[in-house]
Amino acid sequence: MAESGKQHLVTAVTEEKGTTCWGCGLGLLLPTLGPAFKCGWCGAITNHNLNKTQNQCLLWRRLRDRCFVSFLFSFMLFVICGGVCAAFPIIFLVSYTSGIVHSVITTILALTTISTFGLSAFQCAGAPPMILWGSYTVVGKGELENYTFCHYCSKPKSPRAHHCRSCGMCILDMDHHCPFIGNCVGAANHRHFIAFLISAIFSTIYVTVMSAYTSFLIWPPLRYKPPEHSTIFSTGLVMLASREGLVALLSSAMELPVRGLVLIYLFIASISVEISLSVLLWQQLCYIYEGRTYLSHLSSREGDHVKEKDCQNLLRFFGCRYSMLRFLPTLRNSRKTHKT
């Protein structure tokens with residue numbers, strides 16, 4: 001009875017679980033083996049619940065990318081060759097000097113567009129640097145800070161890298177995977193991709209102007225029937241004049257030769273491509289101005305820390321020297337000066 005009257009005190013026993021860091025190989029004792037933990041020595045992050053296997057659709061994605069690349073390259077060749085064959089005989093008839101000048105401009109734009117496309121499509125987007133890992137003797141303190149282990153590549157992945165399932169490798173500073181170039185846009189080819197967009201926009205603007213100019217030169221005369229004098233002051237004058245003008249334009253377009261139809265197609269196609277490329281270039285420059293990539297924009301949440309928006313981010317991206325950056329004031333300094 002005396003023993004039953006005694007109070008029984010229950011103490012919680014903390015059970016430590018042992019595990020091994022993949023980065024430095026040191027044994028760690030954790031209070032609870034959570035889904036992820038960070039090594040206190042090398043700084044590597046381990047995620048136990050992350051068990052990935054190589055995607056079986058890798059070959060299909062690569063085949064899809066090759067088809068997109070072939071289509072885009074064929075379209076560029078069609079625009080170049082079709083524009084030259086359709087427009088340049090007319091330009092040389094107008095003036096031999098202008099034909100030579102436009103030939104030089106076309107050659108420069110075509111070579112620039114094709115070369116930048118090849119560099120962005122066939123150059124490695126940016127493989128992460130090879131580092132030593134797995135042993136305490138070769139990994140120093142904090143050398144794998146915020147590194148994670150990529151189960152696809154079976155090697156460390158830096159915090160600036162992202163694994164692309166279409167390319168089958170980790171890409172440093174990955175912006176996005178573009179199927180039209182069949183490659184990722186990363187640290188090694190991001191500038192080439194921006195240069196390709198800029199050169200393609202200038203090329204399409206040139207195609208638009210030249211196709212419109214040469215189409216105007218060979219366009220058949222319009223057989224326009226003006227409205228009668230009795231209907232000049234009627235309410236349907238605008239509709240009647242528009243209808244007669246449209247009929248005259250369509251009837252004259254039916255008399256165009258094959259060369260003129262090609263020029264009309266180039267005019268419409270170049271405008272549509274020009275608009276889409278301009279939107280994509282503006283989006284890319286906005287992300288560079290903000291100091292982040294498209295993937296970081298998708299993964300960022302409201303309230304997350306974002307780098308300061310600054311024009312110096314654009315200059316750093318395009319490789320301008322520090323001596324030029326000194327003469328460009330930051331937005332923060334300009335706002336402070338304006339307040340004072």
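Accessible areas here come from the Shrake-Rupley method with a 1.4 Å probe, and for residues only the protein chains shown count as cover.

Some ground rules. This is a predicted model, where local features need pLDDT of at least 70, side-chain atom pairs count only at pLDDT 80 or more, and totals for chains, interfaces and linings use all residues. Residues are numbered from 1 along each chain as its sequence is written, and side-chain values use heavy atoms, with hydrogens and water left out.

The overall picture next. The protein has 10 helices and 10 strands; these are DSSP runs, H or I of at least four residues for helices and E of at least two for strands, numbered from the N terminus. Of the 340 residues, 31% are buried. Buried means under 20% relative accessible area, exposed over 50%, and partly exposed in between, with a 1.4 Å probe and protein chains only. Among contacts (heavy atoms within 4.5 Å) with a separation of 6 or more, 59% are between residues 24 or more positions apart.

Now the surface. Phe92, Tyr96, Ile100, Val104 and Ile108 form a nonpolar patch with about 480 Å² of accessible area together. Helix α3, residues 96-122, gives the largest share of that patch, 4 residues. Tyrosine 96 lies in this helix, and its relative accessible area of 59% makes it exposed.

On to the rings. A search of the whole structure finds 11 aromatic pairs. One of them is phenylalanine 317 with phenylalanine 318, edge-to-face at 5.0 Å centre to centre and 85 degrees between the planes. For the cut-offs, rings of Phe, Tyr and Trp (its six-membered ring) pair if their centres lie within 6.5 Å; planes under 30 degrees apart are stacked, over 60 edge-to-face, the rest tilted. Phenylalanine 317 is buried at 15% relative accessible area, whereas phenylalanine 318 is partly exposed at 39%. Elsewhere, ring pairs link Trp22, Trp133 and Phe149 into a cluster.

Last, which residues does aspartate 65 touch, not counting residues up to four places away in sequence? They are Ser166, His177, Pro179 and Gly182. Aspartate 65 sits in helix α2, residues 58-94, and is buried, because its relative accessible area is 2%.

Note on methods. Patches are made of residues with over 30% relative accessible area and no salt bridge: like charges are joined within 9 Å, nonpolar side chains (Val, Leu, Ile, Met, Phe, Trp, Tyr) within 5 Å. A salt bridge is a side-chain nitrogen of Lys or Arg within 4 Å of a carboxyl oxygen of Asp or Glu.
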